[in-house]
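Thanks for passing this one along.

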Amino acid sequence: MTSLTKQNIISDALKEYLKAIYKLAHTKSEVRITDISRYMGISKPSVNRAVNALKSVGLVEHRPYGSIFLTVHGEEEGERILKHTDAVARFLSLSLEIDPDEAIDEANRITSKLSNNTLSKIVKLMQN
């Protein structure tokens, strides 16, 4: 399944969970429900439901009470989502002189509304 297809399958909320798992997986040796709960400030049952939803579309692997691992597709999707968010935040901060913290909050809201084509062009613009 392609990124475009995956993007259409998961909700904006699930994208935030995937992004959190992606970030945690690159800073910790293992990621557990408790880690995501603390990182996002969300209850463990809510995190567990989200992880199960991500598992059902093949983005993560998780056994009950065990570690959570990104699949190859989950890794790609997490990287893509984070890259888009970071590029939009940099654009807002540098081009519009929005405070960097506010720019990140705005980017999280904006990226869910823009097409992949537009987001890819923003990423390319901000790489130059």
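1. In which hand, left or right, does H3 pass H4? The crossing is right-handed. Please keep in mind throughout that this is a predicted model.

2. Staying with that pair, helix H3 covers residues 33–40 and helix H4 covers residues 44–56. Their axes lie 9 Å apart and the packing angle is about 115°. Angles of 65 to 115 degrees count as roughly perpendicular, so H3 is described as roughly perpendicular to H4.

3. For the side of H3 in this contact, look at Ile33, Thr34, Ile36 and Ser37. They meet Lys44, Val47, Asn48 and Val51 of H4. Sorted by class, the residues of this H3–H4 contact are four nonpolar, three polar and one charged.

4. H4 also packs against H2, at an angle of about 90° and with 10 Å between the axes. That angle makes H2 roughly perpendicular to H4. From H2 come Leu14, Tyr17, Leu18 and Ile21, while H4 supplies Ser46, Val47, Ala50, Val51, Ala53 and Leu54. The class count here is nine nonpolar and one polar, with no charged residue.

5. What about H2 and H5? These two helices pack at about 100°, their axes being 9 Å apart, and so H2 is roughly perpendicular to H5 as well. On the H2 side you will find Lys15, Leu18, Lys19, Tyr22 and Lys23. Facing them in H5 are Gly74, Glu75, Glu77, Gly78, Glu79, Ile81, Leu82 and Thr85. This contact of H2 with H5 has six charged residues, along with four nonpolar and three polar ones.

6. Within H2, which spans residues 12–25, glutamate 16 and lysine 19 sit three residues apart, about one turn of the helix. The two form a salt bridge, and their closest N and O atoms are 3.4 Å apart. The cut-off for a salt bridge is 4 Å, and by this rule the model has five salt bridges.

7. Finally, a look at H5 itself, which runs over residues 72–95 and has 24 residues. From first C-alpha to last, H5 reaches 34 Å, close to the 34 Å expected at 1.5 Å a residue. Just after H5, glutamate 97 takes a positive phi of about 55°.

Conventions:
Residues numbered from 1 in each chain as written. Predicted model: local features only at pLDDT ≥ 70, side-chain atom pairs only at ≥ 80, totals over all residues. Heavy atoms only, no water. Helix = DSSP H or I, 4+ residues; strand = E, 2+ residues; numbered from the N terminus. Expected span 1.5 Å × (residues − 1). Axes fitted to C-alpha atoms, helices over the stretch in contact; angles between N-to-C directions. Parallel < 35°, antiparallel > 145°, perpendicular 65-115°, else oblique. Left-handed = near helix turned anticlockwise from the far one by under 90°. Contact = heavy atoms within 4.5 Å. Nonpolar A, V, L, I, M, F, W, Y, C, P; charged D, E, K, R; others polar. Salt bridge = Lys/Arg side-chain N within 4 Å of Asp/Glu carboxyl O.
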